[in-house]
There are 2 protein chains.
Amino acid sequence: MTQYIPPLADFEFLLFDVFNVDEEWISESIPVDRELANSVLHECGRVARDVMAPLSSTADREGASWDDGNVSAPQGFKEAFEVLTQGGWLGTAGNPEFGGQGMPKTLTTALEEMFWGSNTNLWLYAALTSGATYCIDAHASEELKARFLPAMYEGRWTGAMALTESHAGTDLGMLRTKAEHIEGNSYKITGTKIFITSGEHDLAENIVHLVLARIDGAPQGTRGISLFLVPKYLVDEQGAIGERNGFASGSIEHKMGIRGSATSVINYDDAQGYLIGEPNAGLRCMFTMMNYARVSVGVQGLGLGERAYQMAAAYAKERIQGRAPTGPVNAQGAADPIIEHPDVRRMLLTQRALTEGSRAFAVFTAVELDRTQRTDPEVSERSSRYVELLTPVVKAFISDRAMESTLLAQQCFGGHGYIVESGIEQVVRDARISQIYEGTNGIQAIDLLGRKVLQDGGQTLRSLIADLRQEALDPRYMTQVSDVLDLWSDVSEWLGSQARSDRSLAGSAAVDYLNLAGYALYAWLWARMSLFDDGTRGKSNLAQFYFDQLLPRAEYHAKVIKNGSNAVTAPDSDWF
Amino acid sequence: MTQYIPPLADFEFLLFDVFNVDEEWISESIPVDRELANSVLHECGRVARDVMAPLSSTADREGASWDDGNVSAPQGFKEAFEVLTQGGWLGTAGNPEFGGQGMPKTLTTALEEMFWGSNTNLWLYAALTSGATYCIDAHASEELKARFLPAMYEGRWTGAMALTESHAGTDLGMLRTKAEHIEGNSYKITGTKIFITSGEHDLAENIVHLVLARIDGAPQGTRGISLFLVPKYLVDEQGAIGERNGFASGSIEHKMGIRGSATSVINYDDAQGYLIGEPNAGLRCMFTMMNYARVSVGVQGLGLGERAYQMAAAYAKERIQGRAPTGPVNAQGAADPIIEHPDVRRMLLTQRALTEGSRAFAVFTAVELDRTQRTDPEVSERSSRYVELLTPVVKAFISDRAMESTLLAQQCFGGHGYIVESGIEQVVRDARISQIYEGTNGIQAIDLLGRKVLQDGGQTLRSLIADLRQEALDPRYMTQVSDVLDLWSDVSEWLGSQARSDRSLAGSAAVDYLNLAGYALYAWLWARMSLFDDGTRGKSNLAQFYFDQLLPRAEYHAKVIKNGSNAVTAPDSDWF
């Protein structure tokens with residue numbers, strides 16, 4: 001397999017040319033400047049390339065393993081994880097009051113991409129920690145924060161989120177795990193959770209579970225769910241590790257991909273837990289974690305899309321087969337590199353236009369995430385609404401495009417791409433999970449259209465589109481961008497007018513609507529990136545490719561939406 | 001995993017209602033009638049359901065194994081293969097003169113779908129035999145036919161095709177395997193072939209390889225390639241097995257899917273081979289096998305798409321989660337079955353509209369394949385040209401839609417679909433190969449647009465479209481079908497006018513062109529099926545779904561084509 005190449009030049013282009021984030025860093029007194037950011041990016045890229053990437057394929061082949069409740073990560077992960085903790089890479093975005101480094105999301109998003117792209121299997125042992133610390137920092141008592149956050153930012157302890165039960169996935173209102181009050185904020189937790197990424201493993205001294213459970217006597221459904229911090233080992237007030245808590249891994253799953261990541265069934269049996277936030281307000285607290293995780297899963301797709309592209313491009317330059325249609329370019333050789341074939345170029349350009357579009361979209365969203373912390377309440381409130389609107393699109397559209405990209409990358413390899421040793425089929429299998437977990441992409445689409453657009457009366461969307469129209473873009477693409485923003489607006493208004501009388505419409509239209517939104521946003525992003533091309537980056541040509549070959553999909557999705565829900569609702573369920 | 005349900009009612013609908021194939025069987029004196037066909041379909045469905053399907057997931061988990069040149073198929077395959085040979089299922093389409101059953105392709109295509117759908121891994125040990133026997137029957141000497149065909153039709157001996165070498169996949173002109181003349185049609189074959197499906201295994205007494213090689217002194221490139229029959233065990237003139245021939249499996253591949261199928265590296269070392277056809281005319285002979293195999297690979301995708309749909313629909317009826325948007329349908333239960341959610345229905349209907357469209361397309365093509373055998377030379381010649389045109393579309397469009405369908409089916413399972421035990425992730429991995437082998441789908445697209453349309457001056461295509469316009473369709477969809485046939489024609493003419501001056505255009509447009517062709521053909525097929533709906537099959541609603549949600553893709557592909565190749569050709573190869 002080829003070496004992982006950290007896309008440092010593209011990060012620099014996006015952060016400092018396209019989005020000018022360093023100006024915001026200065027004006028907001030964020031303790032990062034361009035020079036520091038570049039050195040952090042560079043160092044992260046080195047770790048991703050030299051420490052993490054080399055362990056990716058062996059991790060897939062070996063897998064995580066389970067023995068009587070003990071879970072072992074694949075070989076080499078312990079040493080690599082030690083590099084991550086020594087480098088402070090788990091606490092980059094953390095609250096400085098408790099030992100975090102307080103870096104802006106615009107920077108940490110780029111770091112995450114490199115960790116996901118170089119070794120998704122390994123990063124899954126770290127990634128849940130960030131979501132858990134966000135949630136603890138936002139909702140837990142000062143005492144719990146002081147007791148748990150420092151070791152988690154250090155990476156000595158990692159995090160896990162325990163939501164799903166076998167009968168309750170999307171529909172968390174059905175969950176049955178129980179919490180029995182002991183005293184103060186202490187509860188005993190009992191129940192079985194499934195699909196717990198890094199819920200048990202051997203890379204950290206302690207594992208901090210955030211568990212959704214129902215306090216005795218709580219209301220049915222989602223209004224009776226509370227959130228608890230449940231550590232693997234109990235921790236005293238000085239932060240010292242004590243005895244083992246009452247839960248264990250019952251088994252780990254055999255999965256299509258991310259096989260080096262241990263996904264546990266966790267059995268909680270009178271496990272000691274601490275309430276986070278108010279009783280019965282657990283879902284709201286958990287959404288702090290979920291929203292972070294959803295953006296991160298989009299970035300996971302992005303990282304794997306980049307990795308897949310790099311592998312496919314390297315193969316296409318090296319593999320010789322057939323002749324270019326415009327005449328031999330490698331006349332002395334037996335054949336031309338397949339990169340000379342227009343269809344191979346089309347596949348590579350599609351991957352690259354999607355992946356670089358996704359990277360721009362991730363940074364764009366990170367800009368808004370950072371602005372939610374602004375002192376100006378008008379700015380922070382507006383950005384919070386934008387982040388709410390954009391989060392499902394980041395999660396679903398980026399991961400869908402990543403799956404498309406990794407499949408295209410595999411296709412570039414021909415038969416060799418189906419063979420394990422090529423490495424590319426693993427990237428496809430690993431990328432697939434990003435469309436499924438943290439809420440399937442169908443759920444993201446329903447969240448976007450139902451909650452973020454229709455329930456909001458379209459206000460946030462109108463505001464976002466108006467703001468997008470203010471920004472400078474490459475004049476060559478102004479009309480097309482304006483048209484697709486009009487199309488997005490029109491379809492949104494039309495759905496708003498129809499969805500009240502047709503209660504199945506929002507559900508049947510949601511996925512197409514999310515796609516329409518994604519292609520419209522990427523059109524804007526490409527027109528913006530093209531404006532800042534200095535002629536050496538190829539951004540203008542990629543923009544042209546995007547407008548020629550990918551943007552027409554927006555009209556297709558709009559047309560499907562306008563055709564309504566009749567054919568979807570007509571058949572009886574028994575007919576299927 | 002749910003039981004495999006043979007789609008017998010749909011076969012009957014297509015064969016006898018939509019395409020009236022029994023009338024052609026009678027008028028052409030083909031020794032099959034409706035009653036016999038139904039009993040063959042029924043019996044095949046029983047074998048697929050009861051013998052083959054139960055071995056599918058264990059085969060994936062166990063995989064094929066290699067030990068010092070000996071290859072073992074997974075457990076249970078030997079007994080199941082015995083059922084296939086005892087039932088005569090390997091010789092259904094064979095030449096009756098040598099023991100084949102002479103069934104029409106309209107029938108055997110349906111049989112193949114069930115074998116592929118119930119257990120692709122197992123059927124791969126049988127499927128190559130049909131392609132090999134077609135090729136032998138069409139091109140080998142009478143003596144070779146008599147010596148090899150009867151045992152192959154019985155399934156005592158199986159077939160394999162040995163084309164690819166590690167440096168020569170798509171570009172067979174580069175192959176290096178050598179053939180040294182001994183006497184008569186006997187040659188000694190030396191070289192190494194890769195990706196040889198069922199090139200070595202333990203299910204048959206003998207394995208008959210068809211090997212492409214270069215006779216000493218033959219011209220360079222594709223004009224110097226000859227085809228040889230190279231049996232694993234030498235066979236005397238009475239058909240008795242003799243000593244082991246000079247080749248062996250050097251290893252088997254570790255693959256993303258079809259893990260129960262053994263894909264060998266084969267080392268030929270002075271192996272005895274017999275020339276098939278004329279020297280240096282090997283590629284043409286091999287295309288008899290390849291064209292058969294390409295149609296069959298499309299049908300493989302179809303079978304797996306059907307299997308995936310069945311699994312997803314069963315899960316969606318059983319899994320309860322959330323409430324239907326129009327109010328509870330399972331009010332006494334904790335939640336409604338997810339099939340009540342419009343987005344889940346949308347996914348299931350997409351799968352079904354694509355899969356049933358693909359089945360209709362496979363039968364439509366089989367009708368033309370049978371007509372190539374008509375005594376009326378005008379009919380047989382026209383149908384031969386149609387089959388040439390349609391073959392790459394059958395292979396690529398059906399397998400692409402199958403991949404889309406299996407991924408959607410997996411998505412219906414949520415997180416459970418990523419777990420091996422659900423069974424659905426295997427179907428995704430198995431389906432993926434159908435887009436890659438027998439010529440990647442990119443190669444199919446270039447074959448369609450370059451060779452079958454542009455080189456032909458569009459004549460065959462014009463004739464096919466004119467014929468399609470003659471047939472009775474559901475009047476509700478006449479306009480839309482007519483419009484998309486116009487669009488297909490217009491884009492074809494436009495490409496014909498532009499491709500001479502822009503030599504990269506055919507390559508860059510090919511995949512979109514193949515998709516445009518596919519969606520146009522499926523529009524015609526859905527309007528035709530809808531005409532024959534008796535009100536109980538749901539075909540009219542599926543047709544409506546197709547026209548609302550899937551046909552708009554045709555315009556998208558047309559638009560991309562018309563946007564030209566500039567953005568594809570612009571970047572230097574080094575830029576990638």
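I start with a definition: two strands count as paired if DSSP finds at least two bridges between them. By that rule, strand β8 (residues 233-235) of chain B pairs with strand β9 (residues 241-244) of chain B, in the antiparallel sense and over two bridges. Please keep in mind throughout that this is a predicted model.

Which residue of β9(B) is the bridge partner of Val235(B)? The partner is Ile241(B). Five residues lie between the strands of this hairpin, and Gly239(B) takes a positive phi there, near 85 degrees.

Now the helices of chain B. Is α9(B) mostly covered or mostly open? Mostly covered, with 30 of its 30 residues buried.

A residue in another helix is Glu388(B), found in α10, residues 377-412 of chain B. Glu388(B) has 19 C-beta neighbours inside 10 Å. Buried takes 20 or more, so Glu388(B) counts as partly exposed. Along the chain, Glu388(B) and Thr460(B) are 72 residues apart, while their C-alpha atoms are separated by 9.3 Å.

On to the domains of chain A. Domain 1 covers 8-150, domain 2 covers 158-280 and domain 3 covers 441-567. Between the C-alpha centres of domain 1 and domain 3 of chain A there are 31 Å.

Next, the contact between the chains. How many residues does each chain put in? Chain B gives 73 residues and chain A gives 73 residues. On the side of chain B that touches chain A, several helices supply at least two residues each, among them α8 (282-318), α12 (441-454) and α15 (505-531). Helix α9(B) gives the most to that side, with six residues. By class, the side of chain B that touches chain A holds 32 nonpolar, 26 polar and 15 charged residues.

Last, the symmetry. In general, two copies of a chain are related by a rotation about an axis and a shift along it. Here, a rotation of 180 degrees with 0.0 Å of shift along its axis superposes chain B on chain A, at an RMSD of 0.0 Å. That is the relation of a two-fold axis. In chain B, the C-alpha nearest the axis belongs to Tyr556(B), at 3.2 Å from it. Of the interface residues of chain B, 100% are also interface residues in chain A, so the copies meet through the same surface.

How values were computed. Residues numbered from 1 in each chain as written. Chains lettered and ligands numbered in written order. Predicted model: local features only at pLDDT ≥ 70, side-chain atom pairs only at ≥ 80, totals over all residues. Helix = DSSP H or I, 4+ residues; strand = E, 2+ residues; numbered from the N terminus. Buried ≥ 20, exposed ≤ 12 C-beta atoms within 10 Å, placed from the backbone. Contact = placed C-beta atoms within 7 Å. Nonpolar A, V, L, I, M, F, W, Y, C, P; charged D, E, K, R; others polar. Domains from an automatic or database assignment. Least-squares fit on C-alpha atoms with pLDDT ≥ 70 in both.
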